[in-house]
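Dear colleague,

Please read the notes with the coordinates open beside you.

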Amino acid sequence: NGFLCLMTNLSSLKQLAIGSNRLGNGALSSIYGSAFSVLKDPNGLVSLQLDFNQIGTDAVDMIASVVFSASRLQTMKLKRNNFGCYGAQSLAKAVMNCRGLSCVEMSGNGIGHHGIKQLAQALQNCPKLSVLLLGENPLGVWGVQAVAASLQVEPMVSSLRLLALESTNMDDGAHSLADAIKVASGLEELNISSNRIGPKGGMSLAEAIRDSSSLKKINLRKNNIGVEAAQVISGIEGVVILT
């Protein structure tokens, strides 16, 4: 079709944004084949946005191959593609070559703790990372602990500005995240809504928010944090807290 013909005749490509098209494996394979040379150009892509495209596990290796070649990539948005842990692990190997990455979105992809552990470790090689959106993935306690561990070391401890972990089955992982919040000197905004954190985790987070030197906004909605944590939060000034 006309789009594939256009892709075939491109001599360079800086931004590929074809989100919400439900392309699937077949269409993505056709795009990959028709634009192979420009997609594999190390001086090419700076932004890759393929949200809502049903990438799945079959096509994610092609995407990872493109990401690995795109050494100047700054933005990678792959929201709601259902590629699971396999896709996260494949992309983890690729992003290690993208030291200029500043924004990564992988919300709603069915990623569990095995996949997120490798991805979080790989993102430690991205010193400019400032936005990390991982919500609506079943990370669980171990997955949240893996993210929290990366948040406590350079470069992420000072580079990350926005972290989204809403609806990730966090539970007791809130304690590890609280430890990370205390030392994450760059973190300004955090979304951890809908995580069944409970009173104990709520208290750990409330104390961490109180002691943070950088946080400006946090979403704690739908977490049943309890009365004591709510009292601590009510006394915190300078932070927008949604409960």
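Is Leu91 buried or exposed? Leu91 is buried, because its relative accessible area is 0%, where buried means under 20% relative accessible area, exposed over 50% and partly exposed in between, with a 1.4 Å probe and protein chains only.

Before the rest, two notes on how to read the values. The model is predicted, so that local features need pLDDT of at least 70 and side-chain atom pairs count only at pLDDT 80 or more, while totals for chains, interfaces and linings use all residues. Residues are numbered from 1 along each chain as its sequence is written, and side-chain values use heavy atoms, with hydrogens and water left out.

Leu91 is found in helix H5, where helices (H or I, at least four residues) and strands (E, at least two) are DSSP runs numbered from the N terminus. Leaving aside its neighbours within four places in sequence, Leu91 is in contact with Val60, Ile63, Ala64, Val67, Met76, Leu78, Phe83 and Met106, contact meaning heavy atoms within 4.5 Å. Leu91 and Val141, by comparison, are 50 residues apart in sequence and 22 Å apart in space, C-alpha to C-alpha.

H5 itself has twelve residues and reaches 17 Å from its first C-alpha to its last, close to the 16 Å expected at 1.5 Å a residue; the expected span is 1.5 Å times one less than the number of residues. Its buried residues are Gly84, Gly87, Ala88, Ser90, Leu91, Ala92, Ala94 and Val95, and they pack against helix H4 (56-69), strand E3 (75-77) and H6.

On the H5 side the contact involves Cys85, Ala88, Gln89, Ala92 and Val95, which meet His114, Gly115, Gln118, Leu119 and Ala122 in H6. By class, this contact of H5 with H6 has six nonpolar, four polar and no charged residues, with Ala, Val, Leu, Ile, Met, Phe, Trp, Tyr, Cys and Pro counted as nonpolar, Asp, Glu, Lys and Arg as charged, and the others, Gly among them, as polar.

H6 also meets H7: the axes of H6 and H7 come within 8 Å and cross at roughly 5°, which makes H6 roughly parallel to H7. In this contact His113, Ile116, Lys117, Ala120 and Gln121 of H6 meet Trp142, Gly143, Ala146, Val147 and Ser150 of H7, and the classes are five nonpolar, four polar and one charged.

The buried residues of H7 are Gly140, Gly143, Val144, Ala146, Val147, Ala148, Ser150 and Leu151, and what covers them includes H6, helix H8 (156-159), strand E6 (162-164) and helix H9 (173-183). In the loop between H7 and H8 lies Pro155, and a cis peptide bond joins Glu154 and Pro155, with omega about 5°.

Leu165, in the loop between E6 and H9, is buried, with a relative accessible area of 0%. Apart from neighbours within four places in sequence, the residues in contact with Leu165 are Leu134, Gly135, Leu139, Val147, Met170, Leu177, Asn191, Ile192 and Asn195. Leu165 and Leu133 are 32 residues apart in sequence, yet 6.9 Å apart in space, C-alpha to C-alpha.

Finally, two residues in the loop between E3 and H5 may be worth a look. Arg80, which lies in that loop, has a positive phi of about 50° although it is not a glycine, and at 36% relative accessibility Arg80 counts as partly exposed. Asn82, in the loop between E3 and H5, has a positive phi of about 55°, again without being a glycine, and Asn82 is exposed, with a relative accessible area of 59%.

How values were computed
Axes are lines fitted to C-alpha atoms, for helices over the stretch in contact, and angles run from 0 to 180 degrees between N-to-C directions. Angles under 35 degrees count as roughly parallel, over 145 as roughly antiparallel, 65 to 115 as roughly perpendicular and the rest as oblique.
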